[in-house]
Amino acid sequence: MPDSNSGSASGDGLCQLIRLNFSGAVIHSSNTLFAVPIDLNIVATFPLLESIFQSLIESNTHSEAYEYFAVETTFPGLDGFYDFRFVVLEEFGENVIDWTICDRTTYYRQIQADQQKNNEAKLRN
Amino acid sequence: MLSKKIILTGSLGVGKTSLFNQFLYQRFDEKYLTTIGVKVDKKTVMVNGRELSLLVWDIAGEIKQDKVPRTYFLGSSALIYVFDLTRPTTYSNMLEDLKYLKMITPGVVIRVIGNKIDLVDLEKLNDILDKVPATIDFTTSAKTGENVENVFFSIGEELLDNA
């Protein structure tokens with residue numbers, strides 16, 4: 001598995017922060033990578049988010065961050081590789097989820113090319 | 001609608017992505033392309049007259065399952081442990097892997113799948129199955145689609161029975 005501490009080799013690395021309430025509606029978005037309307041429920045739009053959403057809202061605030069590296073998506077405008085980070089916290093008396101999405105497409109494409117060579121060699125042996 | 005998370009896991013090159021593509025898109029590519037992180041997509045199926053949304057995770061292959069980040073298993077309802085019927089190294093860690101997976105995901109449905117049945121001579125299949133150290137639930141071919149839907153439907157049935 002790749003890790004997120006290796007640094008971007010490409011200069012891409014723009015990140016977007018989306019804050020969701022526990023109903024899945026957008027409270028805030030930095031819109032750095034793509035525009036998300038406030039109040040829109042986006043849970044069903046992103047299968048990764050949908051599949052962990054219930055677990056996130058059942059987790060404690062101030063628990064560990066949930067991180068997923070090299071998430072490959074074909075969502076329109078997000079065609080590439082991204083690092084996802086979810087943190088559950090309490091803000092002004094309300095439990096919220098901060099979802100950070102960082103574009104690492106160029107970096108992970110290079111990793112994938114290197115890994116492809118390694119894995120093909122392993123499969124030949 | 002009820003939705004359930006299913007993870008395809010196993011060693012590298014066993015055909016997890018091909019099973020993912022066959023189930024979700026009815027597509028197969030002969031060329032091997034390594035998965036480095038995770039892909040997730042969903043498909044709605046009808047199981048015994050009930051709609052069920054399956055959220056399927058295709059993750060990078062690891063020779064040993066304890067290398068898979070624990071966060072990947074968060075909220076999972078089922079695991080599909082895939083090995084390659086033609087490569088014994090892909091099932092050499094099977095008992096250890098399954099023990100580990102059961103420990104970190106208690107109560108989760110697990111299916112053990114021998115993939116690439118299309119590459120196996122039927123006369124040799126029993127010899128291979130004798131060598132596999134755990135009970136196999138299905139043999140599949142992501143290439144021809146053999147048994148692929150059956151794997152997911154059997155999981156869907158068990159999940160609905162338990163719901």
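I'll go through the sheet, then the helices, then the disulfide.

Quick housekeeping: this is a predicted model, where local features need pLDDT of at least 70, side-chain atom pairs count only at pLDDT 80 or more, and totals for chains, interfaces and linings use all residues. Residues are numbered from 1 along each chain as its sequence is written, chains are lettered from A and ligands numbered from 1 in the order in which they are written, and side-chain values use heavy atoms, with hydrogens and water left out.

Okay, the sheet. Helices and strands here are DSSP runs numbered from the N terminus, helices being H or I with at least four residues and strands E with at least two. Two strands pair if DSSP finds at least two bridges between them. On that basis, 11 strands make an open, mixed sheet, in the order β2(A)-β1(A)-β5(A)-β4(A)-β3(A)-β2(B)-β3(B)-β1(B)-β4(B)-β5(B)-β6(B). At the edges, pairing on one side only, sit β2 (26-29) of chain A and β6 (138-139) of chain B.

Zooming in on chain B, β1 (residues 2-10) and β3 (residues 50-59) run parallel, with 7 bridges. There, B:I6 stands opposite B:V56.

Now α2 of chain B, residues 94-104. This helix packs on the sheet, touching β1, β4 (78-84) and β5 (109-115) of chain B (contact means heavy atoms within 4.5 Å). Its direction makes about 170° with that of β4(B); axes are lines fitted to C-alpha atoms, for helices over the stretch in contact, and angles run from 0 to 180 degrees between N-to-C directions.

Which residues of α2(B) are buried? They're B:M94, B:D97, B:L98, B:Y100, B:L101 and B:I104, where buried is under 20% relative accessible area, exposed is over 50% and partly exposed is in between, with a 1.4 Å probe and protein chains only. They cover an arc of only 160° around the axis, so they sit on the same side of α2(B); the arc is that of the directions from the helix axis to the C-beta atoms. Turned away from that side are the exposed B:L95, B:K99, B:K102 and B:M103.

Last, the structure's 1 disulfide, meaning a pair of cysteine sulfur atoms within 2.5 Å. A:C15 joins A:C102, S to S 1.9 Å. With A:C15 in β1 and A:C102 in β5 of chain A, the pair ties together parts 87 residues apart in sequence. A:C15 is partly exposed at 31% relative accessibility, while A:C102 is buried at 16%.
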